[in-house]
Amino acid sequence: MAATPESPAAATTRRKAGRHRGEGQWAVGHFTPLNGNEQFKKDDDGLNVRTRIETIYAKAGFDSIDPNDLRGRMRWWGLYTQRKPGIDGGKTAVLEPEELEDKYFMLRVRVDGGQLTVAQLRAIGEVSDQYARGTADITDRQNIQLHWIRIEDIPAIWEKLEGVGLSTTEACGDCPRVIIGSPVAGIAADEIIDGTPAVDEIHERYIGSKEFSNLPRKFKTAISGSPVQDVVHEINDVAFVGVVHPEHGPGFDLWVGGGLSTNPKLAQRLGTWVPLDEVPDVWAGVVGIFRDYGYRRLRNRARLKFLMADWGPAKFRQVLEDEYLERKLVDGPAPAQPLSKWRDHIGVHPQQDGRFYVGFAPRVGRVDGTTLTKVAELAGAHGSDRLRTTVEQKMIILDVAADQVDSLVAGLEALDFQVTPSPFRRGTMACTGIEFCKLAIVETKGRGASLIDELERRMPDFQEPITINLNGCPNACARIQVADIGLKGQLVLDKDGQQVEGYQVHLGGALGLEAGFGRKVRGLKVTADELPDYVERVLRNFEAQREDGERFATWAARAEEGALK
């Protein structure tokens, strides 16, 4: 019996059902760009835009910039357009990029390992004052960001920064971004192992190289041999955490696949011990897997955490060993739980060599060029040539002689940088917010600073470690899901039914001790004006209900909802 002819519609349906688009993984042959970002990266590597910036755009001005360079490739050199003033948060998701953006840039100065010399910090301060209207923010990834940058000034800024050994190379973009490291690497008295040689070698070998300049999305690295685990390794794409192997001695435990944003995941251990001299090769293997197997079809699934979630650590380790390293890795122990409730190195601490390092706290990372220059001069005047930034938006001055400590502390506090800050100043962070960020919905920096002042006034005797993180949008640049009190910016209704700036609240997140994501209570949102009252009320409930020695995160996980509102 003859077969019934297939209709054209049925044939089309069958072809569509059988067509496998894949996830855009290069390793399985999916090289066709599946979105605009992949197309512009294929058309021209992001690193190549520097020549056009120097020879065309800086001379012809903002309006001469190609859109794919402006909103794409310029990120590879640390440049984002900033938000046009006066656009409220309700317009963030409505307006087109060209309507939101100003003709000025945010410039991110890359500070690998948080390592700065006096000359470098002074140069950043001078660039801030001369080209950035005095702006400067210390980020939670140890970088320093400047605002109000004109395209015409970029070549002069690069010349100034690169003259002292700094750069903006791959500070943003779909590439390996800044390598965060322990700010007290090589000097802390309790250090397990100094990861600085690995940070420096990775930077020398791979940053600015086209080997890894086209990744599916951004790639974040952390390396620390500190027992306080001071680089938030749980939320990085790859992290090397100091451990002591019972047979091989000090080395690193390898973690892969962490990240926050709108789909947060904690990194997972691969169960390996990596000696210091092998860290760069293992790092390159992990990045290579991301480059070749990472998902490139959808931007919201293009982070390594999604590949790790699908593969699991056993398969990831097998591919790393068999395809990239071509050797087996040594099994190793997990790192011990950090003993300190704080991971920021604030205060005066002894170094290995008998000198001291001094950690101090700006307000929510907000500083300015003139003050940065004064900090550089203060460090130099007290015999130090080394400073560090931290992942908590703080700073440290290293190598201070015992007889210089008191004078240095007095000088810092005269600049309103506290060495013994309240828990509120010590534990509050904020992202850039609506002042400059095109993705933001609400204000953050100023509100975080005023919240600190208000809580210090209302609760002067509160001394428990507490983290309060403010974010201007859902993307979690300020790590809201892993804060004791995480505040995600959004528009909310006030008591009169008016739409105003406010926050969705996450409670009881943590890193280090019992790492996990915060609890969301149904309907728990606060307006910006109500924020000090709300935080005070929750903290007083915590003080009244906590068991002896109980941490806020533990209490928040068990508390009745009424105590959290």
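Which residue is the bridge partner of V243 in strand 9? The partner of V243 there is G251, and the views below set this pair among its surroundings. The model is predicted, so local features need pLDDT of at least 70 and side-chain atom pairs count only at pLDDT 80 or more, while totals for chains, interfaces and linings use all residues. Residues are numbered from 1 along each chain as its sequence is written, and side-chain values use heavy atoms, with hydrogens and water left out.

View 1. Two strands pair if DSSP finds at least two bridges between them; helices (H or I, at least four residues) and strands (E, at least two) are DSSP runs, numbered from the N terminus.

**View 2. Strand 9 and its two partners.** Strand 8 (residues 238-245) runs antiparallel to strand 9 (residues 249-256), with eight bridges between them. A hairpin of three residues joins strand 8 to strand 9. Strand 9 also pairs with strand 10 (residues 268-274) in the antiparallel sense, over four bridges; here F252 has V274 as its bridge partner in strand 10. Seven of the eight residues of strand 9 are buried, where buried means under 20% relative accessible area, exposed over 50%, and partly exposed in between (1.4 Å probe, protein chains only).

**View 3. V256 in strand 9.** V256 belongs to strand 9 and is the bridge partner of V238. The relative accessible area of V256 is 0%, which makes V256 buried. Contact means heavy atoms within 4.5 Å; leaving aside neighbours within four places in sequence, V256 contacts D237, V238, A267, Q268, L270, V286, L304, M308 and F316. The C-alpha atoms of V256 and F240 are 9.0 Å apart, and the two residues are separated by 16 residues in sequence.

View 4. E201 and R205 form a salt bridge through their side chains, at 2.6 Å from N to O. A salt bridge is a side-chain nitrogen of Lys or Arg within 4 Å of a carboxyl oxygen of Asp or Glu. Because E201 and R205 are four residues apart in helix 8 (residues 196-206), about one helical turn separates them. E201 is partly exposed at 33% relative accessibility, and R205 is partly exposed at 35%.

View 5. In the pair E392 and R479, the closest N and O atoms are 3.0 Å apart. E392 is buried at 17% relative accessible area, and R479 is buried at 7%.

View 6. The side chains of E501 and R447 form a salt bridge of 2.9 Å, N to O. E501 is in strand 20 (residues 499-507) and R447 in helix 15 (residues 445-458), 54 residues apart, and the pair links these distant parts of the chain. E501 is partly exposed at 23% relative accessibility, whereas R447 is buried at 19%.
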